[in-house]
Amino acid sequence: MLFPAAFPCGVLYSERAAAQAQAAGCPAHRQRGLQQDTRLGARPPEPEAAAASPRPAAGAAPAPRPSRARPAQLPSAPQGSIKAGRAPGLAGVSFAGSGHPGLAVDPLWWLSACTSSLLLPVAMTSRISTYVVALLLFCYSSDSFDPSTLPDPRDPEFIRQCVQTHNALRSQVDPPASNMLYMSWDPDLAKLAKAWAKKCLFKHNIHLKERGKVHPRFASAGENIWTGSLPVFTVKAALNSWYHEVESYNYDTNRCSKVCGHYTQVVWATSYKVGCAVHFCPTVKYISIRNAAHFVCNYGPPGNYPVRPYKTGGACSECGGEQCTMQLCQNAERDKVIEDPKWYPEWDRPACDEFCISVTTLRSLLLVLTIVASWLLPKYSSLVPASG
């Protein structure tokens, strides 16, 4: 069935449809078209008698065509309904209103127009849905630049990697150290590292030497910073990059041919506490890396004074009787993990960084699009013709 059942005189090509049209009072010529099972746009077939008659011989007069019996005329359809009509070689319909002549219309065009009017709201709603889904996907994930992949400073595995990697590097210095202390985790130094990492600045904390502003127990703190693309970041990769500066350091002269301050802080013998944190930064000031993992480690007590980072000699020979672990001086009392739960850097005020601003903006935009879509969808869905 090509047209709604509410129009019994529409283009319905079947014997059953012909009977329905006759019962509905459709014109006789419309019934004839139905009974002949004519397809849209196709010429009606010739009668079987004409098709079976032989061709006349050359020069012979053509045989007269048999006349077709016209069925009795049925009452015309009432005005305001859809009437069927026929153009030469084409089945058509004409729409007639009260007191106005009918307008012949190609059913193929009529079908195309109806389909277009049906698909228009569907296409527009699909477009809106596509925009909303795309925005949701963009907000939900940003490919590899997902800050949720970065560890929290309280993550036990992150803490273990920071402590073990530092001690592994400290134990392999050359020449060997006689007074290198074992390094343990400090949660308050980790708070300090996180507070500064959130600022997304490729520069050292300006409060490191201000008493009471970097730690509740240490008067000052040392610091190393590593910034790189998010997929590249690991704790070992960052620490190894600092340790590799040993190639630029000469222990005998205590001088650096290039940057080596990160290395000397990692292996500073009297620094026995460490706290690290990593933060996602869409941009980092003073450096061109975007979507970066900004990794900061703070040390207590700090190093990098104008002396050598450690003393040479036999491993643990200057530990004062402390346990020698991994060629490092270990003291259980000194290595206790102590945290002041009420302490936070006073200069660390809760603020919305660039990533926070971008997320807030995208969420606001998503809210607006959701409201607009919820307002438009009922309007367009009301334009879709009911089926049946």
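Arg170, Ser171, Val173, Pro176, Ala177, Ala315, Gln327 and Leu328 line the second largest cavity. For the term itself: on a 1 Å grid over the protein atoms alone, a cavity is a set of points where a 1.4 Å probe fits but cannot get out, and lining residues have an atom within 4 Å of a point. The volume here comes to about 40 Å³, where grid points are joined across faces, edges and corners and a volume is the space filled by probe spheres set on the points. Two cavities of 30 Å³ or more turn up in the structure.

What classes of residue make up the lining of the second largest cavity? Five are nonpolar, two are polar and one is charged. In this scheme Ala, Val, Leu, Ile, Met, Phe, Trp, Tyr, Cys and Pro count as nonpolar, Asp, Glu, Lys and Arg as charged, and the others, Gly among them, as polar.

## What you are looking at

This is a predicted model, in which local features need pLDDT of at least 70 and side-chain atom pairs count only at pLDDT 80 or more, while totals for chains, interfaces and linings use all residues. Residues are numbered from 1 along each chain as its sequence is written, and side-chain values use heavy atoms, with hydrogens and water left out.

## The disulfides

A disulfide is a covalent bond between the sulfur atoms of two cysteines. Here the term is used for a pair of cysteine sulfur atoms within 2.5 Å, and a search of the whole structure finds five of them.

Take Cys276 and Cys297, whose sulfur atoms sit 2.0 Å apart in a disulfide. The link is right-handed, with 110° about the S-S bond. It connects distant parts of the chain, 21 residues apart: Cys276 belongs to strand 8 (residues 273-283) and Cys297 to strand 9 (residues 290-300). Helices (H or I, at least four residues) and strands (E, at least two) are DSSP runs, numbered from the N terminus. Cys276 is buried at a relative accessible area of 0%, and Cys297 is buried at 0% too. As for the wording, buried means under 20% relative accessible area, exposed over 50%, and partly exposed in between (1.4 Å probe, protein chains only).

Another disulfide pairs Cys319 with Cys329, sulfur to sulfur 1.7 Å. The torsion about its S-S bond is about -75°, so this disulfide is left-handed. Cys319 lies in the loop between strand 9 and strand 10 (323-325), and Cys329 in strand 11 (residues 328-330), so the pair ties together parts that are ten residues apart in sequence. Cys319 is buried at 7% relative accessibility, and Cys329 is buried at 0%.

Cys256 and Cys260 are joined as well, with an S to S distance of 1.5 Å. Is Cys256 buried or partly exposed? Cys256 is partly exposed at 39% relative accessibility, whereas Cys260 is buried at 2%.

Cys162 is buried, at a relative accessible area of 0%.

## The nonpolar cores

A nonpolar core is a set of buried Ala, Val, Leu, Ile, Met, Phe, Trp, Tyr and Cys residues joined through side-chain atoms within 4.5 Å. The largest one has 38 residues, and Trp185, Phe233, Phe295 and Tyr310 touch the most other members. Helix 5 (156-170), helix 7 (235-243), helix 8 (261-266), strand 8 and strand 9 each supply at least two residues of this core.

Now look at Phe295. Leaving aside residues up to four places away in sequence, Phe295 touches a list of residues including Phe158, Cys162, Trp226, Phe233, Trp242 and Cys276; contact means heavy atoms within 4.5 Å.

Asp174 and Pro175 are joined by a cis peptide bond, with omega about 5°. Pro175 is in the loop between helix 5 and strand 4 (184-185). A cis peptide bond also joins Gly300 and Pro301, with omega about -15°, and Pro301 is in the loop between strand 9 and strand 10.

Asn291, in strand 9, has a positive phi of about 50° although it is not a glycine. Asn291 is partly exposed at 22% relative accessibility. Met326, in the loop between strand 10 and strand 11, is not a glycine either and has a positive phi of about 55°. Met326 counts as partly exposed at 42%.

Definitions and conventions:
1 Å grid on protein atoms, 1.4 Å probe; cavity = no way out; pocket = protein on both sides within 12 Å on 5 of 7 lines; lining within 4 Å.
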